[in-house]
Amino acid sequence: MASPKPVHAIVLDAGPMLKNDPSISSLLAKADRLVTVPAVIPEIRDATARSRLQTTWMPFVGTVTPSPQSLKAITDFARRTGDLAVLSKTDLHILALTYELESRRSGLSNIRTFPRQKLVKPKAPARPRDGLDVSPSTITEDTSLKQDPPTDVLQTGPPSDSAKGADGEKPGVVTDELAGVTRSLQISDAPLDQIDPSPNSEAAHIPATLPPSSDSDSDSDGWITPANFQKHQAKDQNASIAVSEEKPVGVACITSDFAMQNVLLSMNLGLLNASLQRVRNIKTFVLRCHACFCTTKEMSKQFCPRCGKPTLTRVSCSTNSNGEFKLHLKKNMQWNHRGDRYSIPKPVSGSANGKVRQGKGGGKGGWGQSLILAEDQKEYLRATSGNGRKKEMDLMDVDYLPSILTGERGRAGGKPRVGAGKNVNSKKR
């Protein structure tokens, strides 16, 4: 009879099917059922990935639409955790399908309805020790278990008739045999030069193998062995994800989206990584406003969604298996005020729509012509909308030259510059 698989059902996001990691053979070896939502299929637009999806994945992956009740429960929970703003409709359907399958299999007792809810586990019945029932009703007096007090084994005189065993054998015979074995195991006190090294000597019967020393065990902790291979593999793939030992899982989801991972862990739903190990703790980054302490998970933002100031800082955060969200702030962090105070040049007509002439106003060299100070400025909207129309350079193109040769220095991540920069008050030659 084949052993049961560790996972009953796995809900797939578009990531595993697009990257083919983990492969379909690995998933089928670990799970009894593979499902996804119908909205995931149109998200895969690459020709190679779509061909692989139709030929390799779809024969084994089923499509299920979650119920409106499950979708409402996921939406309410994501609104409480603050992840609803960054979750798409497809993401909500995947989470709702995981929630629905888990509730059908194990019930709602192990699923949280609001963040940081303490789940009460049902008490298991007391296990009897050594396979015996220790309840008071089953405890009876058994005279057969009573033993006579032990007698002295080393007897000098002749044994009495009462000391004989059931088969009539005297314990004195056993005593003589033990004494002979003890004499054969005695260690000689003679010097080393007087010991007979012949093969017939008693010292030749000492086994040559020695037990392994404890130093080898301590040195093997850093080596990769079959026992810790999956742990090292998960550490190399994503060092910020802590996994647990392989245990049977009812329903789990495989996704690389942090907002979805946060909701899954907060609701106590199953989450697997690319190595098909259950994730218990995730670490990632969010943006936190240094002025009003508002946090947002949209890493592309440059202005605070609450106060509107460009004071967002990148802060590491973590979510554990209890659904607790924690920010890890730097101790004694000091805000850099360099470039915050400077004289803004007078506005020039035509600077908002980009029709200002070169060299007209805006300070020396025109550094203040397209100064961005707020998120709703026309200059910022024009700069952000223009990034999407830029054609990506092909690294394999024969006419492609890196920026270190062409001299072009763009902003990191393609984001427009906010303010006048850190060197606005530096001396100009």
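Begin by selecting serine 318, which lies in strand E9, residues 312-319; helices (H or I, at least four residues) and strands (E, at least two) are DSSP runs, numbered from the N terminus. The model on your screen is a predicted one, in which local features need pLDDT of at least 70 and side-chain atom pairs count only at pLDDT 80 or more, while totals for chains, interfaces and linings use all residues. Residues are numbered from 1 along each chain as its sequence is written, and side-chain values use heavy atoms, with hydrogens and water left out.

Serine 318 is buried, with a relative accessible area of 10%, where buried means under 20% relative accessible area, exposed over 50% and partly exposed in between, for a 1.4 Å probe and protein chains only. Now show the side chain of histidine 328, with which the side chain of serine 318 makes a polar contact at 2.9 Å. Such a contact is a pair of N or O atoms within 3.5 Å; within protein, one must be able to donate a hydrogen and the other to accept it, and residues adjacent in sequence count only if both atoms are side-chain atoms. Leaving out residues up to four places away in sequence, serine 318 also touches others, among them Asn281, Ile282 and Phe325, contact being heavy atoms within 4.5 Å.

Stay with strand E9 and turn to the largest pocket, because E9 gives the largest share of its lining, three residues (by the DSSP runs described above). The largest pocket has a volume of about 1,000 Å³, and of the 31 residues that line it, the closest to its centre are Pro310, Thr311, Trp335, Val418 and Lys422. On a 1 Å grid over the protein atoms alone, a pocket is an open set of points with protein on both sides within 12 Å along at least five of seven lines, a cavity is a set where a 1.4 Å probe fits but cannot get out, and lining residues have an atom within 4 Å of a point. Grid points are joined across faces, edges and corners, and a volume is the space filled by probe spheres set on the points.

Next, select helix H9, residues 258-266. Nine of the nine residues of H9 are buried, so the helix is largely enclosed by the rest of the structure. At the start of H9, a side-chain oxygen of aspartate 257 reaches to within 3.1 Å of the backbone nitrogen of alanine 259, and just after the helix, asparagine 268 takes a positive phi of about 65 degrees.

Move on to strand E5, residues 249-254, where six of the six residues are buried, so the strand is largely enclosed by the rest of the structure. Strand E1 (residues 7-12) pairs with E5 in the parallel sense over five bridges, two strands being paired if DSSP finds at least two bridges between them. Select valine 7 to find its bridge partner in E5, valine 249. Three bridges join E5 to strand E6 (residues 270-272), and these two run parallel; here cysteine 253 stands opposite leucine 271 in E6.

Finish at lysine 89 in helix H5, residues 89-106, which is exposed, with a relative accessible area of 64%.
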